[in-house]
Amino acid sequence: MANGSKQIVDFAKIKATMADPYKHPVQVIDREGKVVDPDTLAKYSDDQLVDFMKKMVWERTLHEQTMNFSRQGRLGFYAPTAGEEASEMGSVTAFKKQDFLLPAYRDLPQMIQHGTTVAKGFLWSKGHVEGNQHENPNMMFPQIIIGAQYVETAGVALGIKKNGDEDRVAFVYTGDGGTSQGDWYEGVNFTSAYQAPAVFFVQNNGWAISVPRYKQTAAETLAQKAVAMGVPSVQVDGMDIVAVHEVSKAAREFAAAGNGPVVIETLTYRYGAHSSAGDDPSRYRTDEETKPWFDADPLIRMRKVLTDKGVWSQDQEDKLVEEYKDEFKSAMKEAEAAPAQKVSDFLKWTYNVPTPAVKKQIAEFEAKESK
């Protein structure tokens with residue numbers, strides 16, 4: 001038998017090229033604020049572009065004011081969102097109120113845009129049960145367990161399909177760290193197997209608390225992970241709100257038409273700490289790393305585009321910021337005026353029919369609370 005030198009499979013070539021389709025993020029406005037896809041931008045009126053900017057200013061102001069409230073001890077857990085405004089506002093605005101949102105703990109801005117209130121968001125942060133009671137019932141409360149919302153999304157999406165709901169999808173968010181969880185694979189795979197309507201967002205903000213993206217996986221992109229489950233996926237510049245919105249809208253239409261799920265990786269960045277609980281990002285990130293992301297700030301990009309069009313000014317933005325601050329301060333007063341929670345109520349909610357021991361505890365606490 002001849003010993004040929006040619007290998008039947010070139011694994012080195014496969015490894016070197018398997019991420020190629022995903023290494024070209026969709027972009028409309030580049031990091032310098034230059035329009036690189038004028039045809040796509042032309043789909044949007046000046047009013048729509050201004051509205052995008054207003055929503056990003058709203059979220060940035062919400063973040064800053066919420067951090068102030070946290071420092072004052074008026075809130076509990078809060079996950080900062082500065083830097084992710086284009087990723088979050090660009091995506092959530094592509095969905096309809098009948099779509100079902102399954103948020104993670106960094107997704108309060110999307111929840112508010114989808115139909116809850118700022119006051120409810122503050123109540124959730126304070127651990128108050130009313131923070132889970134939303135005007136729009138088509139959303140879950142924020143998931144704390146990393147990646148677990150992906151499994152929940154599979155169930156919701158399958159329910160939408162089984163119910164025969166038309167023009168309705170489930171959509172969900174996680175960070176780059178979420179893709180390292182088994183829940184992520186299980187949720188995407190299950191949804192794909194049943195071709196259920198869902199859009200899965202991965203907000204690749206570079207860090208899973210203090211673990212950098214490159215230490216989590218050897219995959220060159222997170223988008224390519226979806227291929228193993230038979231799911232179409234794409235990377236998008238997550239600091240470009242127009243690109244995020246356009247891709248999200250296309251993904252929603254695809255999923256709602258019965259074509260199964262989509263995975264979208266938004267390349268964004270978390271400017272601050274992982275949470276208000278106290279991690280110090282300066283211990284695991286350098287100025288050399290963070291500066292390029294601050295230079296690519298989504299508000300700076302959009303501000304340049306709109307200023308060049310003559311439809312935006314710094315005075316206009318400053319007035320909006322003050323209006324939003326007043327709105328958020330009023331929302332905090334509303335949240336702080338909510339009735340104090342009672343241990344007896346927690347016990348009543350534990351079982352549909354309380355056990356004898358729990359009944360006794362309810363009576364004991366009601367007696368204490370009535371004094």
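This is a predicted model: local features need pLDDT of at least 70, side-chain atom pairs count only at pLDDT 80 or more; totals for chains, interfaces and linings use all residues.
Colleague: What does the side chain of Thr191 reach, and at what distance?

Modeller: The backbone oxygen of Gly187, at 2.6 Å. The cut-off for a polar contact is 3.5 Å between N or O atoms, so a pair at 2.6 Å is within it.

Colleague: Let's turn to the nonpolar cores. Which residues of the largest one touch the most other members?

Modeller: Phe122, Val242 and Met302, out of 59 residues in that core. Helix H3 (residues 46–71) gives the most to this core, with 9 residues.

Colleague: What is Val242 in contact with, beyond four places in sequence?

Modeller: Its contacts include Val28, Ile29, Leu41, Phe52 and Met302. There is also a second, separate core of 18 residues, with Ala198, Val202, Leu222 and Val263 among them.

Colleague: Why do such side chains gather like this?

Modeller: In soluble globular proteins, nonpolar side chains tend to be buried together.

Colleague: Which residues does UniProt list for "domain: Dehydrogenase E1 component"?

Modeller: The unreviewed UniProt entry gives residues 53–343. Over that stretch, the chain is 47% helix and 11% strand, with the end C-alpha atoms 44 Å apart.

Key: Residues are numbered from 1 along each chain as its sequence is written. Side-chain values use heavy atoms; hydrogens and water are left out. A polar contact is a pair of N or O atoms within 3.5 Å; within protein, one must be able to donate a hydrogen and the other to accept it, and residues adjacent in sequence count only if both atoms are side-chain atoms. UniProt positions are given in the numbering used here, feature names are shortened, and annotations may be inferred rather than shown by experiment. Helices (H or I, at least four residues) and strands (E, at least two) are DSSP runs, numbered from the N terminus. A nonpolar core is a set of buried Ala, Val, Leu, Ile, Met, Phe, Trp, Tyr and Cys residues joined through side-chain atoms within 4.5 Å. Buried means under 20% relative accessible area, exposed over 50%, partly exposed in between (1.4 Å probe, protein chains only). Contact means heavy atoms within 4.5 Å.
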